[in-house]
Amino acid sequence: MFKRKNRLGTFLLVLAALAGLLMTVAFAEGDAAAYVSPFNETIVSLLPPVVAIGLSLITKEVYTSLFLGCLVGGFLYANFNPVLAVTSTFDTLCTSVGGNMGIVVFLVILGIVVVLMNRSGGSKAYGDWAKKRIHTKRGALLATMALAIVLGVDDYFNNLTTGSVMRPVTDSHNISRAKLAYMCDATAAPVCIMMPISSWAAAVSGVAETMEGVSGLQLFIRTIPWNYYALLTLFMLVVLAVFDLDYGPMKIHEDNAKKGDIYTTPERPYADADESKNKTNGKVSDLVVPVIILIICCVSGLLYTGGFFTAGGETFMDVVNAFASCDASTGLMYGSFLALVLIFILYMVRRTMTFTQFTDCIAEGFKIMVPAILILTFAWTISEVTNGLLGAKFFVADAMQSVAEGFANFLPAVIFLVACGLAFATGTSWGTFGILIPIVVGTFGVDAGTILTIGLGACLAGAVMGDHCSPISDTTILASTGAQCYHLNHVKTQIPYALTVAAVAFVNYIIAGFLQNVVIDLILAFASMFGVLLILRVVFKSSAKAAAAK
């Protein structure tokens, strides 16, 4: 009898606890609309990405570090109420994934296409063909850069396609996966942010045109010669390739690659990919034709979501306007799916593979994209927690406005630093310039002339720089994925290069704030970048000779 009463009491206690938990959750959900965190719009709101980035660099464990960063943000938002913290974190995670489902689908389809090109033997055939025509490491690096510039309509598409196509070529010339990832990343956002027909131009134009008296596309084009970080990054890539210059952690990776180890570290998430099923008698067309189909279909998808086909677009300006109003994630999803169907038909007609082999590639393609999707999921979540729940973007914006007073000529350099920090902390360049562009225009005024253009160029440059360096940036993650490089290796090896360009850009924004002459300022920017790289070359060569003499 006692045991029955004890069981009944335990059962009732559990029911009461569950009821209390459900009431707490319901209360939390009911007050969610009115609730404001005590840490909202304070410096503490930047803690989640700091925790995530710091832990990932210390522990070398990306997934757990990002999740803990999200959870820290949830607890700050909930003022350490555990129920509200957990529910708000997971609600944000679900919302973030749902809002980016188009990109997830695009990633999976692109993974399938990559596996198809490998299994058909197209990647091997292209690699063999390229080996006969690209005879040097310099040629392989410059060819990678050239392809990325051609694919500059969207950074996601650029990173994944360039990495997949050029991987056999760079491997054959003993170029490390970290260097390939850097080449992809450094020619993705920096190219897109200067390409008038791109998803990035559309994003900038869309933000600018919310302000009265501003033409979004014209403003975007005027900022291109003032976007020092993007211009100098591309210039640096050419110099690094021509002079075979490497320094910092990248030099270790490149030295190991010369000995045959293209990974350097034990973490090799893609090293065990099954190559046994790949055909050895494929043709170059088995890779080139699918890539062309993918490019045409993805660009068409972007134009479709921008209304180009429904509005009966015919002129160049119709194309520009379509890109300005396109939905990049949806357009890439539609375009990649159409491309997959056409590639399936192509391979079936040419009898490159059977239907069963094709369906096997679907599961395999999804599998190779799981690491990227998982990291992106947490990266999107931590960005939304930081900006959406804790209002970090407003804290940074207010801080910039307070600093701006009395520093008109120094303001482009200040804007550049603020944009770098915000993009690095949140992992999003679009979010950064979406916040800062209205503030920059409001600070200078619509009719401010050259100084306004310099300030906007600095804003876009800083957004790209911070996004370029951030471990939680989607473009950084996708560069690692396209190059099949361990993500933290890519982050650590490219940061010294990015900081070198950022330092030169910062100094030149100070000069530009006073000089305000586009031609002279550009000459000074390129000359100073070249001078710094020559100094680095001399210093590191001297260090290498000294080490060899010991």
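The chain exposes about 23,100 Å², with carbon and sulfur atoms supplying 68% of that area. This is a predicted model, and 53% of its 550 residues count as buried. On the secondary-structure side, the tally comes to 25 helices and 0 strands. As for contacts between residues at least 6 apart in sequence, 80% of them join residues at least 24 apart.

Helix H24 covers residues 487-515, and its axis comes within 9 Å of the axis of helix H23 (residues 474-483), the two crossing at roughly 115°. Since angles of 65 to 115 degrees count as roughly perpendicular, H23 and H24 are therefore roughly perpendicular to each other. The crossing of H23 past H24 is right-handed. On the H23 side, the contact is built from Thr476, Ile477, Ala479 and Ser480, while H24 brings His487, His490, Val491 and Gln494. Sorted by class, that contact has 3 nonpolar and 5 polar residues, with no charged ones.

Now for the other partner. Helix H13 (residues 228-243) also has its axis within 9 Å of that of H24, and here the crossing angle is roughly 135°, which makes H13 oblique to H24. This crossing, too, is right-handed. From H13, the residues involved are Tyr228, Tyr229, Leu232, Thr233, Met236 and Leu240; they meet a set in H24 that includes Tyr497, Ala498, Val501, Ala502, Asn508, Tyr509 and Ala512.

How values were computed
Residues are numbered from 1 along each chain as its sequence is written. This is a predicted model: local features need pLDDT of at least 70, side-chain atom pairs count only at pLDDT 80 or more; totals for chains, interfaces and linings use all residues. Side-chain values use heavy atoms; hydrogens and water are left out. Axes are lines fitted to C-alpha atoms, for helices over the stretch in contact, and angles run from 0 to 180 degrees between N-to-C directions. Helices (H or I, at least four residues) and strands (E, at least two) are DSSP runs, numbered from the N terminus. Angles under 35 degrees count as roughly parallel, over 145 as roughly antiparallel, 65 to 115 as roughly perpendicular and the rest as oblique. A crossing is left-handed if the near helix is turned anticlockwise from the far one by less than a right angle, and right-handed if clockwise. Contact means heavy atoms within 4.5 Å. Ala, Val, Leu, Ile, Met, Phe, Trp, Tyr, Cys and Pro count as nonpolar, Asp, Glu, Lys and Arg as charged, and the others, Gly among them, as polar. Buried means under 20% relative accessible area, exposed over 50%, partly exposed in between (1.4 Å probe, protein chains only). Accessible areas come from the Shrake-Rupley method with a 1.4 Å probe; for residues, only the protein chains shown count as cover.
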